[in-house]
Amino acid sequence: MRLGTIYILGRLYVKNLTASTKEPSVPAAPTAFSPVNVSSVYVTDAAAAIVKSSTAEKLVAIGAACSHQLAQRGVHLALTYSSNLISINELVTELQSRYAENKLHISTHKVDVGSADQIENLFQEIDTQHGQRPDILISNAGYGKRITNIWDIPLEEFDYMLNVNLRASFVLVKGVVEHMMAQRWGRIVFMSSIAAYGGGINGCHYAASKGGLMGMMKNLSTRLAEYNISVNDVAPAMIGDTGMVPNASAIQDTVATIPLGRLGTPEETANVVMMLVTTGYMTGQSLVLSGGLK
Ligand SMILES: NC(=O)c1ccc[n+]([C@@H]2O[C@H](COP(=O)([O-])OP(=O)(O)OC[C@H]3O[C@@H](n4cnc5c(N)ncnc54)[C@H](OP(=O)(O)O)[C@@H]3O)[C@@H](O)[C@H]2O)c1
């Protein structure tokens, strides 16, 4: 039996897991993705910024890394971007070429996730282009303009950050949850931050948006468990090759305080996301990925 899954990135929509994942009463059945049976849609916010790394100009960021791992598993994708059309197109070309044998349906959608109307349009486009709502939602898009001190943070900046980093995930979940409940299978992953725990290098507005995300995740995980929908977040810190942290020299002083002595990578972040997507028994968890940083 096919299941439908969406992942929003970032969001992702994955589909076609085994029947056993659909019925929680079925004991001990494998819940891992099967490349053979996967037919899914993944919606992502983005994350395909082009950053000049030390080696070459390349597609980077967390959303792009999640897209690769999903595509590799045969998940159809609905990818979102806000401004970086060239990068998202390059990402899609790369995914279609590298995972050609999976015959993926990948759509792209320009969305300002700070706008509930634009998210509504996104879902209408997904309905048309994929014929269903996402099974897996990875809400990854995020805004992180760095203003450290509260006295420098304008009220408008606080409101904008809360809209993009917190309210958007609320609206996105509303757009996928009925579909997930109806099929009794769903995976929701929010991209939080170590800022939710009081750490990091940004201001209190960013911390509030990510802390709110963690609270919403924990509430949703208890409300949605009976429908076999897991809800978790990943809380990274200092992930390089991203728009937020291009490289170590951009935050030299901070890198010196990371116990592991280096930045994390988008691929390592995607690894944790994929673990959550493929491990249905885990729900209500916020996983810090920080190289030991508190
Ligand atoms: N890098 C880190 O160390 C770190 C640490 C903790 C948490 N995070 C979180 O990880 C997530 C991904 O960030 P990243 O590190 O990969 O940085 P990034 O390269 O800056 O990615 C952010 C993505 O969000 C998209 N975006 C921003 N505002 C948007 C809006 N209003 N509507 C739709 N999309 C929007 C951007 O799309 P466009 O490029 O098209 O504008 C971009 O692709 C974010 O939620 C961030 O808060 C990152």
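Here is a short chat about two elements of this predicted model, helix α2 and strand β9.

Residues are numbered from 1 along each chain as its sequence is written. Because the model is predicted, local features need pLDDT of at least 70 and side-chain atom pairs count only at pLDDT 80 or more, while totals for chains, interfaces and linings use all residues.

Colleague: How many residues of helix α2 are buried?

Modeller: Helices (H or I, at least four residues) and strands (E, at least two) are DSSP runs, numbered from the N terminus. A residue is buried if 20 or more other C-beta atoms, placed from the backbone, lie within 10 Å of its own, exposed if 12 or fewer, and partly exposed in between. The buried ones in α2 include Ile62, Cys66 and Leu70. Helix α2 spans residues 62-72 and is largely enclosed by the rest of the structure, because the buried count among its eleven residues is eight.

Colleague: Which residue is the bridge partner of Ser139 in β9?

Modeller: Strands count as paired if DSSP finds at least two bridges between them. Strand β8 (residues 136-139) runs parallel to β9, with four bridges. On β9, Gly186, Ile188 and Phe190 point one way, all buried. Ser139's partner there is Phe190.

Colleague: And which residue in β10 is the bridge partner of Val189?

Modeller: β9 and strand β10 (residues 229-236) are parallel too, joined by six bridges. Val189 points the other way from β9 along with Arg187 and Met191, and all are buried. Its bridge partner in β10 is Asn232.
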